[in-house]
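Please read the following account with the sequence and the coordinates side by side. It moves from one feature to the next in running paragraphs.

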Amino acid sequence: MADDLAERFDELVTQVLAPLVLGGRIEPVRPLGPRLGLAIGEGRKISDSELRSQLDVARVRVARLLAPVDTVDEVTPEDVALVAALNDLLQASNLELSGAFSRSRHAKLLDCAMVLASSVSRPRTIAEALARHTLFARALEVIRTDTTVSWWTGSASFRGQPAPTRLTRWRELRRVREDTRRIPLVDMGTDVPHVTSDMWLDALNVWLARSPLTDLATLARRSPAFRWSEPSLSLIATVPGRSLAFRALSRQRSADVHTALDRAAASLQAELRPAEPLVKAFAQEVGTGLAMFSKKTAA
Amino acid sequence: MLERVAVHQTRLRTPGLGLDAKGVALGSKGLVLLPSMDRLVAFFALYTRQGSLADILRSLVVEVVKSRLGAREVTLTFAAESSDRMDRVSEIVRLAGGYTFTGTSRHFVQYRDAAAPFGYDVPQILHADAGLSLYHSAFSQAYEVERKIDVRQLLLRLSAHPDPSTALEPGPRLMVAEAGLDPALIHYFVRSGVEADVGVAEWPPESSFDEAPVVRYIFQVPEIPPRMVPLLTRTPGLGVFIPVAPGAAVLSGFRHPVNLRACPVFGEPGLVLFRRPSEDPLELPQVPAMGDVKAFARIESRAQALRAQTTQDPKKLVAISLPLRLVPSSEPWRHVTATWVRGPDIDLLRQVAYSLGPDTLRRARVAFTEEGIFIRHQTGIEGIPVGELYREIHTGLLIPAGYDALPAVAPEVLHRAFGAPTGQTLFLGRDGRALAVPNEAFVSLEVALLEAQLWAPAKGVQTGVTAALATELPEVFLSSPGIRPMRDVAAAGDEKG
């Protein structure tokens with residue numbers, strides 16, 4: 001059993017975590033679920049030293065955009081659980097997950113991914129928040145390429161898979177046309193049976209909230225709209241955390257930042273109402289800071 | 001042991017051996033002994049590379065001979081004629097790993113080499129009843145002739161070697177099409193304006209289970225346009241052959257091991273087509289009757305032909321020129337490769353453009369004119385279903401899809417009627433109006449579509465560092481998660497509990 005878990009851990013690291021940080025081909029593994037997702041990283045480290053070294057270099061590169069550090073913390077079991085949750089999210093969008101009589105699997109797996117993500121504890125220190133951000137900073141850059149092949153008598157679509165070569169032979173004779181579309185992570189939930197776009201974006205928001213610095217660093221995103229969460233409020237409640245958050249925000253367009261912060265403040269959830277003064281103070285501080293920053297850069 | 005022939009020696013012991021004008025020992029025949037069949041092929045390949053086999057072919061006899069020990073070897077016998085010919089043959093035989101002899105009937109002695117410039121003579125004749133006795137400085141051996149080898153059959157049995165460079169050589173081509181492909185190929189040639197002749201050839205049934213003979217179509221094409229080469233060479237059932245000698249052709253992409261041009265055994269009027277190594281060559285005793293492919297072009301006949309009668313009265317001369325009209329047609333739509341977008345359809349085009357795939361955007365060409373927007377796509381405009389669709393009836397001449405031109409003149413004639421303008425594409429409107437759009441006005445839709453975007457100059461100049469640190473995008477590839485993919489996933493409700 002332990003060997004099996006170690007094998008699944010290696011698979012998850014090489015097929016999902018490594019390409020997420022380094023770029024390249026992400027091949028989601030078999031869905032893990034909340035129980036296995038939380039347990040899989042316990043007491044395990046990345047065994048491939050070369051891969052670990054490459055990951056460290058890439059993570060430090062991301063971290064240095066926000067803080068002058070030379071090392072980042074190692075990958076924790078909580079980080080691995082978040083990778084497992086992302087894996088399950090991606091598998092929930094895989095149409096090959098279900099058959100004609102098991103279409104509800106997609107919604108079920110999406111629920112499980114949300115449960116897993118919300119079970120992961122928020123970062124306990126600023127260093128931990130920064131380390132987690134270095135793993136998931138590129139999450140919203142993840143894309144999927146969908147291919148539609150049409151020929152003189154029909155057509156076929158392929159989701160996240162290249163079209164088989166037998167369909168693209170004799171291009172001129174069969175008048176084959178091949179259209180490819182790049183689908184960003186936020187749109188991967190469309191056309192999934194029993195899953196609506198809102199369900200997909202909610203799940204994505206829950207997952208993003210677990211890495212508060214990533215959540216703030218992508219605050220100007222189109223969707224899912226940024227909303228304040230317990231981890232992100234905890235981050236800006238401390239002075240160093242607020243500095244990191246401001247540095248992350250200063251890399252985005254100031255108009256977008258203001259809009260997103262105003263919208264998030266207006267839609268603050270009831271249980272987070274006590275933190276409203278903190279949110280307003282932060283928005284004001286960011287406004288002042290960005291104005292000064294733009295003056296300085298213009299000069 | 002052999003004796004060297006000396007200068008001014010007049011008598012030789014070997015029967016049938018004499019001295020030529022240079023004093024070289026020479027019989028009426030030359031004989032080449034080769035250890036195996038592949039050496040024989042090597043000899044032919046080497047010989048035909050340097051010269052023609054035609055001069056010795058008439059007297060050439062190839063035989064398999066067997067020694068008393070049972071070893072089989074190959075001999076070539078030919079008219080010696082002169083020591084010049086023998087010298088040339090001898091050099092090539094040495095390269096091919098064989099020996100050269102000379103003699104007249106049964107006894108052949110080693111031909112001259114560097115050790116004996118005037119040749120050799122035998123001190124004593126072998127007393128054997130063998131059909132062939134060979135005397136060499138290293139051995140003397142008697143052989144019996146086992147069987148003859150026909151050179152033509154030998155060359156037919158040799159498989160062609162792959163040589164992709166031959167496919168790129170320009171020049172005339174022969175094509176063989178299996179039955180069934182011929183109408184499509186003929187019309188493809190006619191439509192594309194490719195000059196070609198076609199004939200039908202028949203072969204006997206391949207087995208007794210087949211009743212009808214095997215029918216294939218032979219095409220003679222003076223020059224295949226490069227754009228057609230991939231289609232014609234890769235389509236199953238079609239074969240493109242390169243004529244390598246009169247009466248012989250080899251499949252494009254292959255080369256016969258022997259230079260057939262220097263080996264005239266496949267003479268006209270027959271034809272031999274060497275196919276892939278796994279397939280037997282196709283032999284035709286006579287090239288079939290060939291005709292121009294244009295004879296198969298689609299024709300339209302009239303019920304009655306008008307008989308022209310000349311009139312003596314010039315006033316009765318009738319002008320028969322008619323205005324061009326476009327009438328709806330029930331023919332299926334073909335070659336719909338352009339659209340004319342105007343008026344409110346332009347807004348629709350803007351909306352449709354967002355959903356166009358990158359391939360369509362890249363291949364479509366667009367021209368903006370005061371009369372509207374013209375879009376062309378060589379493989380079909382169906383991907384942009386906006387505006388009035390046009391089909392191309394001739395290069396540079398398009399008419400609305402679903403319409404035919406009246407009078408039903410050939411597209412070439414219609415194009416000529418408009419002055420056959422070069423560098424212009426003519427669009428005939430349903431009202432008979434013709435619009436000429438300059439070809440250079442067509443630009444890629446991809447380039448034309450995007451509005452000019454606001455941009456600001458970037459201050460950073462560290463492009464080298466950026467390039468070094470750039471990483472590729474993380475891209476998801478989905479595949480089947482296997483049997484029972486949810487076996488590790490407990491119900492979400494259970495987990496919450």
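Helices (H or I, at least four residues) and strands (E, at least two) are DSSP runs numbered from the N terminus, and two strands pair if DSSP finds at least two bridges between them. The model is a predicted one, in which local features need pLDDT of at least 70 and side-chain atom pairs count only at pLDDT 80 or more, while totals for chains, interfaces and linings use all residues. Residues are numbered from 1 along each chain as its sequence is written, and chains are lettered from A and ligands numbered from 1 in the order in which they are written.

Taken as a whole, the interface brings 45 residues of chain A into contact with 29 residues of chain B, where contact requires that the C-beta atoms of two residues, placed from the backbone, lie within 7 Å. Among the elements that give two or more residues to the side of chain A that touches chain B are helix 1 (2-22), strand 1 (24-26), helix 5 (105-119) and strand 2 (143-151) of chain A, and helix 5 of chain A gives the most, with six residues. The residues on this side of chain A divide into 17 nonpolar, nine polar and 19 charged; here Ala, Val, Leu, Ile, Met, Phe, Trp, Tyr, Cys and Pro count as nonpolar, Asp, Glu, Lys and Arg as charged, and the others, Gly among them, as polar.

Which residues touch the most other members of the largest nonpolar core? Of its 76 residues, they are Leu12(A), Ala84(A), Ala85(A), Ala113(A) and Leu116(A), and the largest share of this core, 10 residues, comes from helix 4 (residues 77-92) of chain A. Apart from it lies another core, of 72 residues, which includes Val24(B), Tyr99(B), Ile218(B) and Val240(B). A nonpolar core is a set of buried Ala, Val, Leu, Ile, Met, Phe, Trp, Tyr and Cys residues joined through C-beta atoms within 7 Å; a residue is buried if 20 or more other C-beta atoms lie within 10 Å of its own, exposed if 12 or fewer, and partly exposed in between, with C-beta atoms placed from the backbone. Not counting residues up to four places away in sequence, Leu116(A) touches Pro34(A), Gly37(A), Leu38(A), Ala81(A), Ala84(A), Ala85(A) and Asp88(A).

Chain B has 12 helices and 32 strands, and buried residues make up 27% of its 497 residues. In helix 1 of chain B, Leu40(B), Phe43(B), Phe44(B) and Tyr47(B) are buried, and because they cover an arc of only 95 degrees around the axis, they lie on the same side of the helix, the arc being that of the directions from the helix axis to the C-beta atoms. On the other side of helix 1 of chain B, Asp38(B) and Arg49(B) are exposed. The cover over the buried residues includes strand 4 (29-34), strand 6 (72-79) and helix 3 (83-96) of chain B.

Strand 6 of chain B also holds Glu73(B), which is buried, with 22 other C-beta atoms within 10 Å. Leaving aside neighbours within four places in sequence, Glu73(B) is in contact with Leu33(B), Leu34(B), Pro35(B) and Val65(B); Leu33(B) is 40 residues from Glu73(B) in sequence, yet 7.1 Å away in space, C-alpha to C-alpha.

Elsewhere in chain B, an open sheet of eight strands has the order 30-29-27-26-23-25-24-31, with mixed pairing, and its edge strands are strand 30 (434-438) and strand 31 (443-444), each pairing on one side only. Strand 27 (residues 397-400) and strand 29 (residues 424-428) of chain B pair in the parallel sense over two bridges, with Leu397(B) opposite Leu426(B) and Leu398(B) partnered by Phe427(B). Five bridges join strand 29 of chain B to strand 30 of chain B in the antiparallel sense, where Leu426(B) stands opposite Ala436(B). These two strands form a hairpin with five residues between them, and Gly432(B) in the turn has a positive phi of about 90 degrees.
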